[in-house]
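Dear colleague,

My notes on it follow directly after.

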Amino acid sequence: MRTIADFRRAAAPDSTWLCINRQYPETSGLRTITSGTTRLHFTGFHADGTITNGSLYIPRADECRIDGDTLHMLQNPGADLTAWTWTLLAPTSQWHDKFPPRYFAATPLREGLRGPTGKPWCVYARDHDKAVNALGQAVDDNAAYFATQTEADDLVQRLEPAGTTYYSYGRKPADGDWAYDIDDMAITYGDGPWPFHHGERGGPTSVRLAPSTAYLSWGNERVMVWPRRFGQAEADLHLYVRQQGSYAMVWRCKVAIDLLADTFTLPDHCPPTLREQAAAKARKVLDLVATGRRERDTYLRPLTARDRAAKTGETRPHERDRRTSPLPEPTPPPADVQTVEQHREVWQRVGPDEWLTAGPGDSQRPQVHRHDTASMLRFGAVTPLPSPPLSELDRIGAAMIGRTLVLPTRQPGRRLYELTVQHAETGFLYGPTDRSYRTALHLAASGLLTNRPVRLTDRRGRLICVGDRIHEYTNYRFGLEPAGRLIGAFRVVGLNAEAGVLFTDRHAEHGQPEAVAFPADVEVVDRASLTQRTDTD
């Protein structure tokens, strides 16, 4: 909303609004419009459970201020002091969004809540219908009053930071000395800065952590940690704010962790009152990572919450298997290897001691990272991938620009995904997918390039040579057209038998001299049959 006219249109019958009344805070609650245009009639559901009917005249422009979906009614026209606010609620709003905040700044006019002269502002506690003191305690006397709303809002932020949400059956963090345990299945030890790998798929994987104080601990105290690229990780914390009956009020916080430097960074908007709790939990995550690095040369898997519970008889014991020898140190690839894979990350050699990998970037180009061999091996062992020379990768990639590839996915439950190639460089194909994200894929890991014989033959076994005319058919490699549909007749302008691809003049009229094709999708045709087909079209 920007104008009064927008507010009038939004305040249609059956629309629901959350009212925060600064002058009469006990009347705050839901407002459901029943009728009216110039004068709105509504049913009011107050925080104390009472239901009343009321009305509201549409204010003039100088009597209010509009910010997004919120209408602020001013105490005096042109002034800054707010009498009450109405915020439009979406039909999909959660139930806890339909209650006024537990604490909010108010300038009460009611006797017993009204502040002294010069200090009209206080922090109103909805649950107790009282003002609070500086410690957040609802009191009849000695409540804290302020000269400005800013001072009152600062106390609200200390008591309940913005963004605080409910967590069902949450609990306060445990006191004393405790640590995090792995509370997940199929986790094994592996190499690299992140020691926790997936036991079936392999490679670094996310883990769920739980405090060591109790088996099957409360959900808000569990932590999810995701390993990111190049020695980074991210922890998802639920910081405890206060108890609310059987619920806990929590503030969600994502902490960036540098696994190479063993440091963490709290978000700038983390409330000062919760930063100590966030830092303590992040440090315990790093302690668990350090423990994993020490143990991975001795054990195959980490100690889990289930193992700890077995010591007290809560679960059946399950011994951890020991390694017969320590994990091998990553070794540099031979000088003739051009492409390697490292935990699903593909690196391309671009110099004698320089490697490049690409990942999601902006709308046009991928994000490129370069490292020397020693730095690359810090992230784990590498496996050589068969790949043609870099110049040939650039040639093949340039011929794929503008085409939509249908590729196998590594995720269970879905076999294929589409990648529209917008940019190709050093063997990496980059562009948007049909899953609303962008990705960078190396040709050597795409499954498109396979080991082929020295000579290329078409799908009928006939030899393919430069200058031949061929018919090209779809085969689910480019787009989702039915397999076997004839695309057209083109001339072969180049071959790469080692990579198993040929190049045609399919897009020559659009200024692209080469288009990539695959032998299994083409048939060599003689000039007579080509002429006959052209005459009948």
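Does R102 count as buried or exposed? R102 counts as buried because its relative accessibility is 14% (buried means under 20% relative accessible area, exposed over 50%, partly exposed in between, with a 1.4 Å probe and protein chains only).

This is a predicted model, in which local features need pLDDT of at least 70 and side-chain atom pairs count only at pLDDT 80 or more, whereas totals for chains, interfaces and linings use all residues. Residues are numbered from 1 along each chain as its sequence is written, and side-chain values use heavy atoms, without hydrogens and water.

The side chain of R102 makes a polar contact of 3.1 Å with that of D127 (a pair of N or O atoms within 3.5 Å, one able to donate a hydrogen and the other to accept it; residues adjacent in sequence count only if both atoms are side-chain atoms).

Eleven aromatic pairs are present (Phe, Tyr or Trp rings, the six-membered one for Trp, with centres within 6.5 Å; planes under 30 degrees apart are stacked, over 60 edge-to-face, the rest tilted). The W17 and W86 pair is tilted, because the planes stand at 40°, with ring centres 6.0 Å apart.

Two charges sit over rings (NZ of Lys or CZ of Arg within 6 Å of the ring centre and within 35 degrees of the ring normal): K284 over W178, 4.5 Å from the centre, and R459 over Y473, at 4.0 Å. K284 is among the buried residues of helix 3.

With kind regards

Key
Helices (H or I, at least four residues) and strands (E, at least two) are DSSP runs, numbered from the N terminus.
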